[in-house]
Amino acid sequence: LAPKSLRGKKLLITAGPTFEPIDPVRGITNHSSGKMGFAIARAAAEAGAEVTLVSGPVHLPTPRGVRRIDVQSAQQMFDAVLPMAAHQHAFIASAAVADWRPAQTHEHKLKKAEGGANLGGVAPTLAMTENPDILAAVAKLPQPPYCVGFAAESEKLAEHAEAKRRRKGIPLIVANLGPATFGRDDNALLLIDEQGQRELPRADKLSLARELIAELSKRL
Ligand code: C5P
């Protein structure tokens, strides 16, 4: 890794899960730990970039020198990212953004009927609505930053990841070479761009993040 290869570059990174509220005490989320995105933020700051990290709810310390903005829902992540995105050199979307949210957030806690189903109570039905695609929206800006997406697929990894890259209109996609990496400290990645593929073999997430940042600095 060339020292300070990203000096003078602005990077925006999303990380972690999102939390989609149902009522004041409940919500829908996923198992993303945020570790990969936080490692990328750290590696980018080490490389001299000015880093903004927009994070869903995680239990991780902010990497040194990184500006962090905490959000909960996909809509909040979208609202934080979009106004900033046009001023960045690169955008790395590592967050596991919920595809859907409850159509309605109840103001008060949903209450079970006294005695529950046994006494004729009815379980609530959750109507869902689609969340905005943050990465696709950034990629569609008139002068988008260099966009990097992530793909977690359960089958036909390279094929599905490449299709996703094209669908979202982004130059680079990073596919997680399973098994499920949620919460683990290591991972293996497959980088896919217009030129082809490069595998980053299993390693700890910080080492992978540094390699990804080295690849990114060649492209900026
Ligand atoms: O479509 P899918 O969720 O599989 O795409 C994953 C990629 O898109 C990741 O980079 C993720 O951060 C980003 N994404 C996003 N906003 C969404 C859904 C996914 O930025 N609503």
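Asp193 stands opposite Gly196 in strand E12, where two strands count as paired if DSSP finds at least two bridges between them. Strands (E, at least two residues) and helices (H or I, at least four residues) are DSSP runs numbered from the N terminus. The model is a predicted one, in which local features need pLDDT of at least 70 and side-chain atom pairs count only at pLDDT 80 or more, whereas totals for chains, interfaces and linings use all residues. Residues are numbered from 1 along each chain as its sequence is written.

E11 and E12 run antiparallel and are joined by 7 bridges; a hairpin through 2 residues connects E11 to E12. On the E10 side, 5 bridges join E10 to E11, again in an antiparallel arrangement, and Ile173 has Ile192 in E11 as its bridge partner.

These strands belong to an open sheet of 8 strands with mixed pairing, in the order E5-E4-E1-E6-E9-E10-E11-E12. Its edges are strand E5 (67–70) and strand E12 (196–204), each of which pairs on one side only. On average, neighbouring strands of the sheet are turned by 15° against each other, direction ignored. A parallel pair is formed by strand E1 (residues 10–15) and strand E6 (residues 90–93), joined by 4 bridges; here Leu11 stands opposite Ala90 in E6. In general, strands of a sheet pair through backbone hydrogen bonds, either parallel or antiparallel.

Helices lie across the sheet as well. Helix H2 (residues 74–85) lies across E1, strand E4 (50–55), E5 and E6, and runs at about 165° to E1. Helix H4 (residues 157–168) lies across E9, strand E10 (172–176), strand E11 (186–193) and E12, at about 55° to E11. Axes are lines fitted to C-alpha atoms, for helices over the stretch in contact, and angles run from 0 to 180 degrees between N-to-C directions. Residues are in contact if their C-beta atoms, placed from the backbone, lie within 7 Å.

Helix H1 (residues 35–46) packs against helix H5 (residues 205–219) at an angle of about 55°, the axes being 8 Å apart. H1 is therefore oblique to H5, the class left over when angles under 35 degrees count as roughly parallel, over 145 as roughly antiparallel and 65 to 115 as roughly perpendicular. In this contact, Lys35, Met36, Ala39, Ile40, Arg42, Ala43 and Ala44 of H1 meet Lys205, Leu206, Ala209, Arg210, Leu212 and Ile213 of H5. By class, the contact residues are 9 nonpolar, no polar and 4 charged. Ala, Val, Leu, Ile, Met, Phe, Trp, Tyr, Cys and Pro count as nonpolar, Asp, Glu, Lys and Arg as charged, and the others, Gly among them, as polar.

The ligand has 14 residues around it, of which Ala93, Val97, Ile134, Leu135 and Gly149 come nearest; a residue is near if its C-beta atom, placed from the backbone, lies within 6 Å. This shell comprises 8 nonpolar, 4 polar and 2 charged residues. Helix H3 (134–139) and strand E9 (146–151) each supply at least two of its residues, and the largest share, 3 residues, comes from E9.

Technical notes:
Two residues are in contact if their C-beta atoms, placed from the backbone, lie within 7 Å.
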